[in-house]
Amino acid sequence: MAVNRTPVLKRCRSLGIEPTVIGIDKKSNRKLTRASRKMSDYGLQLREKQKAKFIYGVLEKPFRNYYKKADRMKGMTGDNLMALLECRLDNVLFRLAFARTRMEARQIVDHKHVLVNGKVVNIPSYQVKAGDTIEIRENKKSSQRYKDILEATAGRAVPAWLEADPEKLTGTVKEIPARDLIDVPVNEMLIVELYSK
């Protein structure tokens, strides 16, 4: 897998997003000094795409595939795209507060700590469906790692489309999220404009 080694806070600054969006509590004291030149329409569209890719940790080819799939689905392409990204298993684990960041959630899934409907799933991009039950494997629940994670994510609100039980480390997908339930600072219409050229 390709790894971007740019410091996370630097990427957050350049894309204009808060580090808390990706699960990092640190604040950057530096201010980004941009030239006062007006950004072109293409520049704005590209920046929104880069923002979405960075937040969800998706590379270009899979992201383009998500767009194609969203385009084939019924309804608004932008809303479908955001729902597809939000229903990735690593993102759902992050939303349930069973991981501090999406990168950590990805690692937890890779290491086969996660059961979906009782079966081990080690694919971070696995698409969860309404009614799916996600839980941490029984033999991993008592490890210090999850105690630390739950302590760190104690104040994080779980979205309305998910139901979490932090005591048992289990969660349920109540429904596929509509766009108004997804609190990600991305203008998906600009991404659709970029890809539909």
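How do the residues of the lining of the second largest pocket divide into nonpolar, polar and charged? In this predicted model, the lining comprises 8 nonpolar, 3 polar and 6 charged residues.

| Helix pair | Angle | Distance between axes |
|---|---|---|
| α1 (residues 8-15) and α2 (residues 41-56) | about 150 degrees | 10 Å |
| α2 and α9 (residues 188-195) | about 115 degrees | 8 Å |

Helices α1 and α2 pack at about 150 degrees, and are therefore roughly antiparallel to each other. Their crossing is left-handed. On the α1 side, the contact is formed by Val8, Arg11, Cys12, Ser14 and Leu15; α2 contributes Arg47, Gln50, Lys51 and Phe54. By class, this contact of α1 with α2 holds 4 nonpolar, 2 polar and 3 charged residues.

Helices α2 and α9 pack at an angle of about 115 degrees, which makes α2 roughly perpendicular to α9. The crossing of α2 with α9 is left-handed. Tyr42, Leu44, Gln45, Leu46, Glu48, Lys49 and Ala52 of α2 meet Leu190, Ile191, Glu193, Leu194 and Tyr195 of α9 in this contact. The classes represented in the contact of α2 with α9 are 8 nonpolar, 1 polar and 3 charged residues.

Definitions and conventions:
Residues are numbered from 1 along each chain as its sequence is written. This is a predicted model: local features need pLDDT of at least 70, side-chain atom pairs count only at pLDDT 80 or more; totals for chains, interfaces and linings use all residues. Side-chain values use heavy atoms; hydrogens and water are left out. Axes are lines fitted to C-alpha atoms, for helices over the stretch in contact, and angles run from 0 to 180 degrees between N-to-C directions. Helices (H or I, at least four residues) and strands (E, at least two) are DSSP runs, numbered from the N terminus. Angles under 35 degrees count as roughly parallel, over 145 as roughly antiparallel, 65 to 115 as roughly perpendicular and the rest as oblique. A crossing is left-handed if the near helix is turned anticlockwise from the far one by less than a right angle, and right-handed if clockwise. Contact means heavy atoms within 4.5 Å. Ala, Val, Leu, Ile, Met, Phe, Trp, Tyr, Cys and Pro count as nonpolar, Asp, Glu, Lys and Arg as charged, and the others, Gly among them, as polar.
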